[in-house]
Amino acid sequence: MVIGMEHLAILSANPARLAKWYETTFGAECVLDNGKGTYFMAFRDKSMLEIFASGAEGEYPQADISGLRHIALSTDDFSGDVAMLKEKNVEVIADAKTSASGISTFFFRDIDGNILHLISRPAPLV
């Protein structure tokens with residue numbers, strides 16, 4: 001039985017640059033660099049992003065076809081993280097807002113144009 005999601009993979013024309021961005025922007029730690037352009041970036045909660053080269057030949061058929069809408073990143077400092085992201089001049093898609101139920105959201109793009117969703121909930125979904 002599946003127990004969770006280990007990682008999500010992101011294609012990049014420059015995986016080293018994108019991995020460095022996740023490291024310097026969010027403190028993600030590179031836990032695996034295979035020396036061939038694939039990086040596993042771990043966050044504090046041990047969730048991971050795999051970043052690898054787009055257009056890679058071989059084992060990933062149709063590796064350049066998009067499928068995800070966004071990646072949601074949880075935070076324990078929503079206002080501080082929004083301010084930090086704006087200071088880094090990220091492309092804002094939807095500015096920070098808080099719903100009547102207390103859920104705070106902020107949509108923006110990483111340096112490769114992937115849509116990210118910063119979220120803070122008063123209580124976890126599960």
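The model is predicted. Strand 8 (residues 115-120) is joined to strand 5 by four bridges and to strand 7 by six. Strand 5 and strand 8 also each supply at least two residues of the pocket lining.

**Strand 8 and strand 5**
- Strand 5 spans residues 71-74 and runs parallel to strand 8.
- Within this pairing, Ile71 has Leu116 of strand 8 as its bridge partner.

**Strand 8 and strand 7**
- Strand 7 covers residues 104-109 and runs antiparallel to strand 8.
- Arg109 stands opposite Ile115 of strand 8.
- The two strands make a hairpin, with five residues lying between strand 7 and strand 8.
- In the turn of that hairpin, Gly113 has a positive phi of about 95°.

**The largest pocket**
- The space in the largest pocket comes to about 940 Å³.
- Its lining is made up of 29 residues.
- Asp45, Ser47, Ala72, Leu73 and Ser74 are the lining residues that lie nearest the centre of the pocket.
- By kind, the lining holds 17 nonpolar, five polar and seven charged residues.

**Where the lining comes from**
- At least two lining residues come from each of strand 1 (7-12), strand 4 (48-53), strand 5, helix 2 (78-87) and strand 8.
- Strand 5 contributes the most to the lining, with four residues.

Notes:
Residues numbered from 1 in each chain as written. Predicted model: local features only at pLDDT ≥ 70, side-chain atom pairs only at ≥ 80, totals over all residues. Heavy atoms only, no water. Pairing = 2+ DSSP bridges. 1 Å grid on protein atoms, 1.4 Å probe; cavity = no way out; pocket = protein on both sides within 12 Å on 5 of 7 lines; lining within 4 Å. Points joined across faces, edges and corners; volume = space filled by probe spheres on them. Nonpolar A, V, L, I, M, F, W, Y, C, P; charged D, E, K, R; others polar.
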